[in-house]
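Good morning, everyone, and thank you for making time for this short talk. Please have the sequence and the structure open as I speak.

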Amino acid sequence: MPLLRLDKVSLAFGHLPLLENAKFEIRRGERVCLLGRNGEGKSSLLRVASGEIMPDDGSVWVRPGAQVAHLAQEIVVDSSESVFDVVAAGLADAGRLLSEYHHAAMEVAHATTEAGVQRLARLQHSLEAVDGWRLEQRVESVLSRLGLDGGAPLHTLSGGWRRRVLLARALVGDPDVLLLDEPTNHLDIDAIRWLEEFLSGHAGAVLFVSHDRMFVRRLATRIVELDRGVLASWPGTYDDYVRRKDDQLAAESKHHALFDRKLSQEEAWIRQGIKARRTRNEGRVRALEAMREQRRLRRERRGQVELKLDEGEASGHLVVEAEHADVRFGDKTVIRDFSVRIMRGDRIGIIGANGAGKSTLIRLLLGENAAAAGQVRRGTKLQVAYFDQQRAQLDPAATVMQSVGGGSLTVTINGRSRHIAGYLQDFLFPPQRLQSPVSTLSGGERNRLLLARLFAQPANLLVLDEPTNDLDVETLELLEELLVDYPGTLLLVSHDRAFLDAVVTSTLVLEGDGRVSEFVGGYSDWLRQRGDPPVQRDKPAADGRPGQPVAARAPVRQARKAGRLSYKEQQELKDLPGRIEKLEAEQSRLHTAVGAAGFYQQPGDRIAATLERLESVGKEIEAAYHRWEGLESQARAAD
């Protein structure tokens with residue numbers, strides 16, 4: 001029995017329908033990815049399924065008692081509530097009790113009154129009745145894994161962090177049906193991998209929209225495509241869908257070509273003049289009229305984005321060189337002892353946790369941040385084009401045409417002048433959208449507009465900060481092809497693992513504590529070189545909360561006592577960070593040696609010994625991290 005069903009649902013905004021007699025159902029345990037081009041109506045379909053908007057026709061049925069949670073693509077929430085309160089709201093009545101208990105506990109901590117203590121006791125009793133402590137652990141776990149500060153007021157956060165908060169609220173209630181619109185946007189790679197694990201273990205149903213192909217490959221049990229108002233289900237994996245979709249489009253194109261040729265022949269026949277009119281078959285005339293109507297109603301598939309950029313003149317051979325550079329803000333060192341040499345034509349990926357300093361690293365390389373120590377040297381003839389993930393370069397009040405042309409009606413691409421209207425059609429902006437304000441565009445349309453603006457200026461150094469957010473898969477793949485063939489230099493910040501694998505030739509990884517390491521290849525190459533540690537599963541929060549009954553804490557204390565570290569283990573835990581640091585330094589030196597120009601001109605036994613040691617060091621680092629994690633977990637359990 002399905003948890004959610006759409007039956008003959010139709011929905012239209014403007015002159016084209018987004019949904020036409022759409023039928024869809026999802027059952028427990030299914031993880032369905034909804035695919036389609038930008039503007040096809042994927043977000044609208046999720047809003048219909050969640051009950052946020054009503055369809056023009058048809059019905060939406062949800063199994064009685066089933067809970068549905070929805071993460072929207074656009075963030076409109078602006079509240080003075082704390083992050084903890086917003087996330088706990090995903091637990092309905094129990095969440096409200098948790099929020100009240102937290103506020104009451106804070107009030108008692110600041111000013112103890114008899115009334116306050118009695119209120120705290122009542123709330124504690126109510127929480128125990130609904131298993132509130134376990135639910136609080138769930139809230140804290142989700143907050144921790146998504147890197148959220150539960151005490152921060154929501155209105156002080158940026159749009160990206162608010163989106164994380166709403167994702168946490170959708171996940172924490174363990175709903176029967178999860179509706180997620182681009183859940184990986186603004187998440188770093190570690191958070192995406194945790195989300196994959198979380199959703200893989202979700203007992204209910206998940207319907208999600210995503211452009212992250214690796215995320216889709218690992219999660220989706222079925223693909224549902226929205227194409228020109230029609231929903232089509234494709235059982236199997238994402239790769240199965242891609243192959244079968246290509247076959248379908250080829251067959252559709254062939255069918256349309258045969259149909260159009262037949263229609264052309266019939267139109268020629270009907271126009272033959274009086275002789276044809278005297279002898280024509282009225283049934284044939286009616287068939288022609290039916291063909292005309294069928295052709296009129298056909299919704300053509302929109303053309304592909306045509307991505308071309310103005311390459312500018314060649315830069316110098318050296319683009320950027322940093323030697324032992326530090327970047328500090330006050331007492332905090334964000335970039336520590338960083339050295340790199342970037343040459344013309346290099347395509348460099350930059351990855352790291354949110355807040356690790358990726359934007360700071362870019363500003364250091366571009367000369368916008370001065371090094372507190374060390375030096376950074378930039379090459380000659382650099383023409384920089386910068387894609388800002390916040391889209392701050394777009395004026396919401398400006399029109400689409402003004403955003404690209406700045407008042408001019410033409411742009412020059414590689415020496416060839418083009419009218420802006422024709423240029424913007426390459427980015428799928430029809431003439432009727434050219435005078436639309438930027439504020440009315442969807443996320444995907446704004447990204448395409450920013451790419452159009454960016455590619456209209458001469459550049460030999462492209463800096464792209466999260467360019468893949470909100471782009472459909474087809475546009476993503478075209479952007480990949482463009483960047484692979486781009487003769488200039490590329491700096492790419494992205495959490496899209498498949499995109500990194502396809503585009504970059506080396507990767508700078510911000511590993512924490514200001515350390516930046518360089519690895520050859522993309523994301524998957526980095527995993528192989530460092531040894532891919534398992535994604536940390538949720539750990540139970542510490543017990544012994546204020547006001548919790550002593551009887552409930554006693555078994556926990558006994559378990560902790562039994563799990564205490566021995567003296568030898570305590571010393572091992574203390575020494576492990578230093579050991580790991582030495583191993584990683586040795587690994588870095590070995591990588592540098594292997595990458596040197598004359599490495600493979602050495603005697604064979606020396607080459608073999610170096611490569612063997614490099615592999616051995618990687619295994620030792622992985623084992624040390626596992627041991628460190630195990631001892632830390634044991635120590636936390638014993639506190």
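I will speak about a sheet and the helix on it, and then about some aromatic rings.

Please keep in mind that what you are looking at is a predicted model. Let us begin with the open sheet, which has six strands in the order 5-6-7-3-8-9 and whose pairing is mixed. At its edges are strand 5, residues 68–71, and strand 9, residues 230–235, each of which pairs on one side only. On average, neighbouring strands in this sheet are turned by 15° against each other, if direction is ignored. Strand 5 and strand 6, the latter being residues 177–181, run parallel and are joined by four bridges, and if you look along strand 5 you will find Val-68 standing opposite Val-177 of strand 6. Helix 1, made of residues 42–50, packs on the sheet, and its direction makes about 155° with that of strand 6.

Now to the rings, where a search of the whole structure finds five aromatic pairs. Trp-194 and Phe-198 are both buried. Elsewhere, Trp-234, Tyr-238 and Tyr-241 form one aromatic cluster.

Finally, let us turn to charges and rings. The charged end of Arg-5 sits over the ring of Trp-61, 5.1 Å from its centre, while that of Arg-448 sits over the ring of Phe-429, at 5.2 Å from the ring centre.

Technical notes
Residues are numbered from 1 along each chain as its sequence is written. This is a predicted model: local features need pLDDT of at least 70, side-chain atom pairs count only at pLDDT 80 or more; totals for chains, interfaces and linings use all residues. Side-chain values use heavy atoms; hydrogens and water are left out. Two strands pair if DSSP finds at least two bridges between them. Helices (H or I, at least four residues) and strands (E, at least two) are DSSP runs, numbered from the N terminus. Axes are lines fitted to C-alpha atoms, for helices over the stretch in contact, and angles run from 0 to 180 degrees between N-to-C directions. Contact means heavy atoms within 4.5 Å. Rings of Phe, Tyr and Trp (its six-membered ring) pair if their centres lie within 6.5 Å; planes under 30 degrees apart count as stacked, over 60 as edge-to-face and the rest as tilted. Buried means under 20% relative accessible area, exposed over 50%, partly exposed in between (1.4 Å probe, protein chains only). A charge sits over a ring if NZ of Lys or CZ of Arg is within 6 Å of the ring centre and within 35 degrees of the ring normal.
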